[in-house]
Amino acid sequence: MNALIVTPAQAAEIDAINATFRDRRLEPVEAVDGRKVLPASLLTDCAPGGWWFAYAALLNAMERATVELPEDET
Amino acid sequence: MIGVGISTSQRRPAAGSPTAAVMDWESRIVANGGTISAAAKAAAITLVGSLQSIGLWDKLDRFNPFSGSDGSATENLAGSLVPLVNRIGSAVDIIVNGGPGNYDVAFGMISDGSMYLRTEALPQNIIGGMGLALSVGAATGKQTFAGCTDTGVGCRFFAPSTTSYRDANWGSSSIGTIGGTGGYSGLHFARRRTLTDLVRGRNGTLQQLDTAADAGDIPAFGMLVFANNARGSASQALSAGQRFAGYFFFSGIVDDGVTWPNPTWTAIHAALQTYFASLGRTLP
């Protein structure tokens with residue numbers, strides 16, 4: 001997965017922005033290596049008027065990396 | 001993981017005019033920044049009337065046929081997140097880690113392996129279930145299409161699956177080949193008539209019946225749609241390739257549980273097919 005790496009401080013900022021919306025939310029997930037990540041594809045909707053524009057400054061500041069997500073819990 | 005600051009609505013399905021119900025829906029779509037086409041609105045009036053005739057309408061707890069249309073991609077997504085019925089759960093569906101690229105009027109919601117929808121809905125009645133309309137489905141392996149926001153077994157029977165819809169852990173559910181070629185798509189439903197009597201079907205046909213099931217614990221937790229594991233954690237969004245025309249949660253028995261193919265579910269399937277056609281969407 002092409003991912004954005006989310007620091008604890010950035011996660012807190014995301015939570016604060018999430019609270020201002022009722023129909024959208026970003027929730028960082030834990031990669032296999034333990035880092036919190038978001039899909040890098042979110043950056044395609046960060047332009048003015050885009051779905052995630054309110055989060056754009058935060059998302060654009062995040063480190064990018066390829067990460068592995070955990071398998072299903074079966 | 002439970003949403004914070006999400007206002008809930010107790011919008012009971014109106015027993016009266018289908019037109020009034022659709023006008024109310026449109027007003028909520030517009031209020032969310034969305035749009036809906038005139039064709040979809042006209043078809044929705046017919047759909048509500050059909051569901052009233054079938055006897056499902058007043059048993060719906062939550063119903064979203066993902067209908068944003070005639071606007072920009074952003075407006076269409078905003079419209080698609082507004083349920084026609086939201087007696088339980090949040091006022092609108094909450095898209096998590098997704099965006100306009102996850103919605104296409106011709107298909108509905110499109111999973112990409114990262115996003116899912118949060119409904120904040122709590123099942124209101126143990127004698128209930130869910131319907132899931134797949135416009136284009138595919139084999140998924142061990143994945144669940146509607147999960148819980150935390151560990152729990154109360155809502156496990158909501159998962160349409162090939163081999164088990166009530167496994168001790170939601171993670172064992174999948175949509176498979178029952179129904180033959182193309183059996184992945186269509187209107188899947190799962191419901192329980194009693195604590196220990198579970199039924200799963202597709203397009204009005206019985207797929208699985210279990211009259212000696214584990215009763216499980218009630219109530220469940222907030223329902224997610226398009227999650228693939230027991231807990232619906234954000235790291236386990238449904239894999240790419242599934243296209244969802246819509247979903248609904250319901251309470252109360254809507255069929256006799258004996259006659260298969262079942263005329264009630266066959267009629268619901270037909271009514272939804274007609275409605276989705278107004279959006280250019282095929283429900284097999």
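1. A residue is called buried under 20% relative accessible area, exposed over 50%, and partly exposed in between. In this predicted model, A:D33 has a relative accessibility of 46% and therefore counts as partly exposed. Its salt-bridge partner is A:R35, with the closest N and O atoms 2.9 Å apart, and because A:R35 has 31% relative accessibility, that residue is likewise counted as partly exposed.

2. B:D24 is partly exposed at 26% relative accessibility, whereas B:R28, with a relative accessible area of 11%, is buried.

3. Another salt bridge joins B:D61 and B:R87, whose closest N and O atoms are 2.6 Å apart. This pair links distant parts of the chain, since B:D61 belongs to strand β1 of chain B and B:R87 to the loop between β2 and β3 of chain B, 26 residues apart. B:D61 counts as buried at 2% relative accessibility, while B:R87 counts as partly exposed at 22%. Separately, a network of salt bridges links A:R25, A:E27, B:R118 and B:E120.

4. B:D93 lies in the loop between β2 (85-86) and β3 (94-96) of chain B and, with a relative accessibility of 0%, counts as buried. Its side chain makes a polar contact of 2.6 Å with the side chain of B:R62. Leaving aside residues up to four places away in sequence, the residues that B:D93 touches include A:D23 from chain A, as well as B:R62, B:L117, B:R118 and B:Y247.

5. B:R281 deserves a separate look. Found in the segment after α4 (263-277) of chain B, B:R281 is buried yet has no salt bridge, the nearest side chain of opposite charge being that of B:D104, 7.1 Å away. A polar atom of the B:R281 side chain does, however, lie 3.0 Å from the backbone oxygen of B:V105. Among the residues that B:R281 touches, not counting those up to four places away in sequence, are B:P65, B:F66, B:Y103, B:D104, B:F107 and B:F276.

6. The largest nonpolar core has 36 residues, of which A:I14, A:L26, A:L38, A:W52, A:L59, B:M109 and B:L117 touch the most other members. At least two residues of this core come from each of β1 (2-6), α1 (8-18) and α2 (56-60) of chain A, and likewise from each of α3 (73-80), β6 (116-121), β7 (128-136) and β12 (243-251) of chain B. A second, separate core of 35 residues includes B:I29, B:V48, B:L51 and B:V85. In soluble globular proteins, nonpolar side chains tend to be buried together.

7. For chain B as a whole, the model shows four helices and 12 strands, and buried residues make up 60% of its 284 residues. Of the contacts in chain B between residues at least 6 apart in sequence, 73% join residues at least 24 apart. The accessible surface of chain B comes to about 9,100 Å², with 56% of that area belonging to carbon and sulfur atoms.

8. B:A42, in helix α2 of chain B, has a relative accessible area of 44%, and its C-alpha atom is separated by 9.2 Å from that of B:Y275, 233 residues apart along the chain. B:D58, in the loop between α2 (38-54) and β1 (60-64) of chain B, has 43% relative accessibility and is 148 residues from B:L206 in sequence and 23 Å from B:L206 in space, C-alpha to C-alpha.

Note on methods
Residues are numbered from 1 along each chain as its sequence is written. Chains are lettered from A and ligands numbered from 1 in the order in which they are written. This is a predicted model: local features need pLDDT of at least 70, side-chain atom pairs count only at pLDDT 80 or more; totals for chains, interfaces and linings use all residues. Side-chain values use heavy atoms; hydrogens and water are left out. A nonpolar core is a set of buried Ala, Val, Leu, Ile, Met, Phe, Trp, Tyr and Cys residues joined through side-chain atoms within 4.5 Å. Buried means under 20% relative accessible area, exposed over 50%, partly exposed in between (1.4 Å probe, protein chains only). Contact means heavy atoms within 4.5 Å. Accessible areas come from the Shrake-Rupley method with a 1.4 Å probe; for residues, only the protein chains shown count as cover. Lys and Arg count as positive and Asp and Glu as negative; His and the chain ends are not counted. A salt bridge is a side-chain nitrogen of Lys or Arg within 4 Å of a carboxyl oxygen of Asp or Glu. A polar contact is a pair of N or O atoms within 3.5 Å; within protein, one must be able to donate a hydrogen and the other to accept it, and residues adjacent in sequence count only if both atoms are side-chain atoms.
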